[in-house]
Structures are given as C-alpha cells and as structure tokens.
Amino acid sequence: MNWDDTAPTTDDADDRLVGASADGEDQAVEAALRPKSLDEFVGQERVREQLDLVLKAALARGATADHVLLSGSPGLGKTTLSMIIAAEMGAPIRITSGPAIQHAGDLAAILSSLQEGEVLFLDEIHRMSRPAEEMLYMAMEDFRVDVIVGKGPGATAIPLELPPFTLVGATTRAGLLPPPLRDRFGFTAHMEFYAPSELERVIHRSAQLLDVAIDTDGAAEIAGRSRGTPRIANRLLRRVRDYAQVKADGRITREIAATALGVYEVDGRGLDRLDRAVLQALLKLFAGGPVGLSTLAVAVGEERETVEEVAEPFLVREGLLARTPRGRVATPAAWAHLGLVPPGQGPGGGGQQGLFGT
Ligand SMILES: Nc1ncnc2c1ncn2[C@@H]1O[C@H](COP(=O)(O)OP(=O)(O)OP(=O)(O)O)[C@@H](O)[C@H]1O
C-alpha cells in the first residue's frame, strides 16, 4: 500500500498538457469551441454520414431518434456529438453521467422528468450501478419504468409511463457494457482518433473563434503534436497562442508553434516528459527490453499504474513500445525517435554509440 500522499496518482499524471481528460480551463473554453451542427463537426466522416441518416429519417417520420451509443477515447467529441444530435432534432438535452447515478431512484427521477423527444446524454455509461442499469433496459425499450414502493414482501412495483426520448450513451470502454444494454442501442458509433489533416481543420476553426492569427504550417505543427485528439489540439493551441502573444507578434507560425511546444516539453510527435522518460529508461537502462512493468516504473520514479495507464497507451498506439508476455519492448521506431542506436547496430557492430547522446 502506498502511504505517500505526494506520489502522483494517475489522475494527477493525466493533468498534463497532452492528457486527454478535460481540466478546469478546458471546460470553461470548450463550450465556446464546440461545433453546433453535423456540418461543422470535423472528421469522423462515416459516423457523421450514418448519424445524419438516422436523424433525418427520424425527423421525416416525426419520431424520436433511436438510442445512440458513442464509444471512443476521451476528448474525441462524444459530448459535442450528443449536443449536435439534440440540436439537429430540435430537442432539449439533459446531461448526466454513470457515476452520478448510483441508485435506481436517481435514474427514475431523471427519466420521469424528461420531456417528449428530449435527448438524455449519459456519459461514462459503463460506470452506472447495476440496479440503475436494469431500470434503463426497460426505459429504453418500452419507455416505462417500474418504481418500487416499500420494502420486503410488501413492496409493490408501480409502472410509470415515460415520454419517448433518445438516450445517447457515451463510453470509453464499449467492451465493458453488458450485451443487453449494448443491444438496446439502435445506432452504435465508434469514434476514431483524428488524422493530422482533420486536426488542422479543428485548429483553424478554433483559432478563428479565439481570434488568433495562425498560418497553415503553424496549424500543421500543432496538429502533429496533438495525439489525434481535438481536445488536446485546442489546448495546445491556447498555450501556443500565449507564447506568440508574449514572445512574438501574436501570429502563430510553424517556428513559433515548435518553439512554444518545446518550452512545454511536448515533442514533435506529441510525447511529453513522462512519455519520453519511460522510453529513455527502456532504451538506455534496459537496452530496449524486455523489462517488467514494475521495474520500468521504478526506473522512472512513477507508480506502476501511471506508466501503464497514462504513458503506455499512447506509446503503444504510436508503435514505439510493445507489451509482450516477457515484458515491455521498444520498437525500432522508439530508437529512431530518441536518436539512439540499438545495441549491436552501431558502426562496427559495437552497438552503444549514440546511446547516451541525447
Ligand atoms: N469533430 C470535432 N470537430 C471540432 N471540434 C471538436 C470535434 N470533436 C471534439 N471537438 C472539440 O474537442 C473538445 C472535446 O470534445 P468533447 O468534450 O465532445 O469530447 P468527449 O469525447 O465528450 O470527451 P470526454 O470523454 O472526456 O467527455 C471540445 O471543445 C470540442 O469543441
């Protein structure tokens, strides 16, 4: 057990410039930067096209849209898309999350106060309590809930009719949803990470809304470091804007963006200090592995969970690190990224040249 209050937790560690979760500042600015319609929503072409059909067909029938499940990593636009669904349907939206619904009664209170056609956005739907989840099954299918009154043998179920509504569930872990819940969604969309060209469009759009001057190369530089995630792109844009205002004439060019993000220790591929520390330990101390997770964590002075949950997913996704049954292994791309030479591959086969060069 760890009694060290000052040790970084995974939450602390994700409170970083390239963390995908929203921090306080993000929440304040995000409302202003959210696209308001499907046309404004950048990327995710297939999801957009399919959703457009689902919504238009429902509108044409004068019906409420089918329930929608959105899965994907944080910051890819699930909340934004749920608001767009409501806007496109001309319906109000109610926003809540799985952890906020711990009792079936909490859910019954929300469901029974919905208006006809309203969109209920349930973020982190996989974290709802079991009894609430079971109540949701019936609500989604039959627009009805049974409210249990009393306890024990005298308890009675009072059926309560609900107005038709659209549930938009969001989850980062679609695999954790019980099949009966997953099956009740009429439309399921998996949100992918964004291509750099799509993030450039997000950045140009946000720069315009924030009244920041940015050229094409400046946007490309920020996009390349944004880890496929619009939330990170918007956050990096704000930090680069600060730098451009203080150190230059306010205009963001490639050079300004690269220098500013260098100050914030976000490298050309979007790795930050923690990511690079993990890679450097793996390459320099363990010759590229395989090495066990705990040993690697001790070497970088972080918690095991921090390395596993905060740094590794992106390193694996980028093809820089592999998780194997024998431990963590660096890929050739990792050696190249840090400008190091794998053992045995240096001039003359000696191997270690350049190993401590950066
Ligand atoms: N496709 C997009 N086009 C433009 N901006 C986007 C897009 N997707 C997301 N954004 C921007 O990224 C930010 C984060 O998006 P959002 O809050 O919808 O993500 P999320 O997937 O709901 O994240 P979380 O899982 O943490 O709730 C918002 O400010 C939004 O403006």
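Predicted model: local features only at pLDDT ≥ 70, side-chain atom pairs only at ≥ 80, totals over all residues.
Figure 1. Strand E8 covers residues 321–324 and strand E9 covers residues 327–330, and the two pair in the antiparallel sense over four bridges. Within this pairing, Arg323 has Arg328 in E9 as its bridge partner. Arg323 itself belongs to strand E8, and with 14 other C-beta atoms within 10 Å it is partly exposed.

Figure 2. The UniProt record, an unreviewed entry, places the feature "binding site" at Arg304, Arg323 and Arg328. Although these residues span 25 residues in sequence, no two of their C-alpha atoms are more than 14.0 Å apart, so they gather at one spot. Arg304 is found in helix H14, which runs over residues 304–317, and it is partly exposed, with 15 other C-beta atoms within 10 Å. The C-alpha atom of Arg304 is separated by 6.7 Å from that of Leu293, a residue 11 positions away along the chain.

**Figure 3. The loop between helices H12 and H13.** The peptide bond between Gly289 and Pro290 is cis, with omega at about 5°. In this loop between H12 and H13 the view also takes in Ala287, whose phi is near 50°, a positive value in a residue other than glycine. Most residues other than glycine have a negative phi, and most peptide bonds are trans. Ala287 counts as partly exposed, with 16 C-beta neighbours inside 10 Å.

Figure 4. Which loop holds Gln44? Its place is in the loop between H2 and helix H3, the latter covering residues 45–61. Gln44 is not a glycine, and yet its phi is positive, at about 50°. With 22 C-beta neighbours inside 10 Å, Gln44 counts as buried, whereas Ala287, which also has a positive phi, counts as partly exposed.

Figure 5. The ligand is surrounded by 22 residues, and the closest of them are Glu30, Pro74, Gly77, Thr79 and Thr80. Two or more residues of this shell come from each of helix H2 (24–33), helix H4 (78–89) and helix H10 (230–247). Sorted by class, the shell has nine nonpolar, eight polar and five charged residues. Because domain 1 (44–190) and domain 2 (196–263) both give residues to the shell, the ligand lies between them.

**Figure 6. The open sheet of five strands.** The strands of this open sheet follow the order E2-E3-E6-E1-E7, with parallel pairing. Strand E2 (93–97) and strand E7 (187–190) stand at the edges, and each has a single partner strand, so one side of each is left without a neighbour in the sheet. On average, neighbouring strands of this sheet are turned by 15° against each other, direction ignored. Further inside the order, strand E3 (residues 119–123) and strand E6 (residues 166–171) pair in the parallel sense over four bridges, and Phe121 stands opposite Val168 in E6. In a regular strand the side chains alternate between the two faces of the sheet.

**Figure 7. The whole chain, as a setting for the close-up views.** The protein chain is divided into domain 1 (44–190), domain 2 (196–263) and domain 3 (273–349). The C-alpha centres of domain 2 and domain 3 lie 29 Å apart. In secondary structure the protein chain comes to 15 helices and nine strands, and its C-alpha trace spans about 80 × 50 × 35 Å along the principal axes. Of the 358 residues of the protein chain, 34% count as buried. The UniProt record, an unreviewed entry, gives the annotation "domain: AAA+ ATPase" to residues 64–197. The end C-alpha atoms of residues 64–197 lie 35 Å apart, and this span is 30% helix and 27% strand.

Note on methods
Residues numbered from 1 in each chain as written. Near = placed C-beta within 6 Å. Nonpolar A, V, L, I, M, F, W, Y, C, P; charged D, E, K, R; others polar. Domains from an automatic or database assignment. Pairing = 2+ DSSP bridges. Axes fitted to C-alpha atoms, helices over the stretch in contact; angles between N-to-C directions. UniProt positions renumbered as here; feature names shortened; annotations may be inferred. Buried ≥ 20, exposed ≤ 12 C-beta atoms within 10 Å, placed from the backbone.
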